[in-house]
Amino acid sequence: MRGRVQGVGFRFFASERAASERLAGWTRNRDDGAVEIEVEGDREAVDRFERVVRQGPAGSRVDSVDALDVAPEGRRGFEVRR
C-alpha cells in the first residue's frame with residue numbers, strides 16, 4: 001500500500017480487521033514509506049479484508065495497492081511487525 005499509510009495507525013487497523021475476519025498473516029512498514037501486508041484465510045474473508053484496507057483508517061490515504069496471490073503457508077494469528 002502506498003500513500004499516506006505510515007504514522008496513521010494503518011498496521012494496527014489492518015491487524016484488527018484481520019482478526020475480525022479470522023485471517024492470519026502479518027503487516028509491516030517498509031523503508032520506502034509503504035505498508036506491506038500478507039494475509040491468508042477464507043477467500044471471501046480475504047476479499048472483504050482487501051476492500052476495507054484499500055480504504056484505510058481515518059487520516060490515511062491509499063494511493064496504490066500491489067496485490068499478489070501467493071500460496072498459503074498455514075500461518076496462525078496476525079502479527080504487526082516493525
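Arg22 is not a glycine, yet its phi has a positive value. The structure here is a predicted model. In it, Arg22 sits in the loop between α1 and β2 (24-29). Is Arg22 buried or exposed? Its relative accessibility comes to 77%, so Arg22 counts as exposed, the cut-off being over 50%. From Arg22 to Ser64 there are 42 residues in sequence, and the two C-alpha atoms lie 25 Å apart in space.

Now for the helix itself. The buried residues of α1 are Phe10, Arg11, Phe13, Ala14, Ser15 and Ala18. What do the buried residues of α1 pack against? Their partners are the strands β2, β3 (35-40), β4 and β5 (78-80), along with the helix α2.

Next, the nonpolar core. The largest one holds 15 residues, and Met1, Val5, Phe10, Leu23, Phe49 and Val53 have the most contacts inside it. Two helices, α1 (10-20) and α2 (43-55), each supply at least two residues of this core. Leaving aside residues up to four places away in sequence, Leu23 touches Ala18, Val39, Glu40, Gly41, Asp42, Ala45, Val46, Phe49, Gly77 and Phe78. Among these partners, Phe49 is also one of the core residues with the most contacts.

Another spot to look at is Ser60, in the loop between α2 and β4 (61-64). Is Ser60 buried or exposed? With a relative accessible area of 16%, which is under 20%, Ser60 is buried. The side chain of Ser60 reaches the backbone oxygen of Pro57 at 2.7 Å. Beyond four places in sequence, Ser60 touches Arg4, Val8, Phe10 and Gln55.

Notes:
Residues are numbered from 1 along each chain as its sequence is written. This is a predicted model: local features need pLDDT of at least 70, side-chain atom pairs count only at pLDDT 80 or more; totals for chains, interfaces and linings use all residues. Side-chain values use heavy atoms; hydrogens and water are left out. A nonpolar core is a set of buried Ala, Val, Leu, Ile, Met, Phe, Trp, Tyr and Cys residues joined through side-chain atoms within 4.5 Å. Buried means under 20% relative accessible area, exposed over 50%, partly exposed in between (1.4 Å probe, protein chains only). Helices (H or I, at least four residues) and strands (E, at least two) are DSSP runs, numbered from the N terminus. Contact means heavy atoms within 4.5 Å. A polar contact is a pair of N or O atoms within 3.5 Å; within protein, one must be able to donate a hydrogen and the other to accept it, and residues adjacent in sequence count only if both atoms are side-chain atoms.
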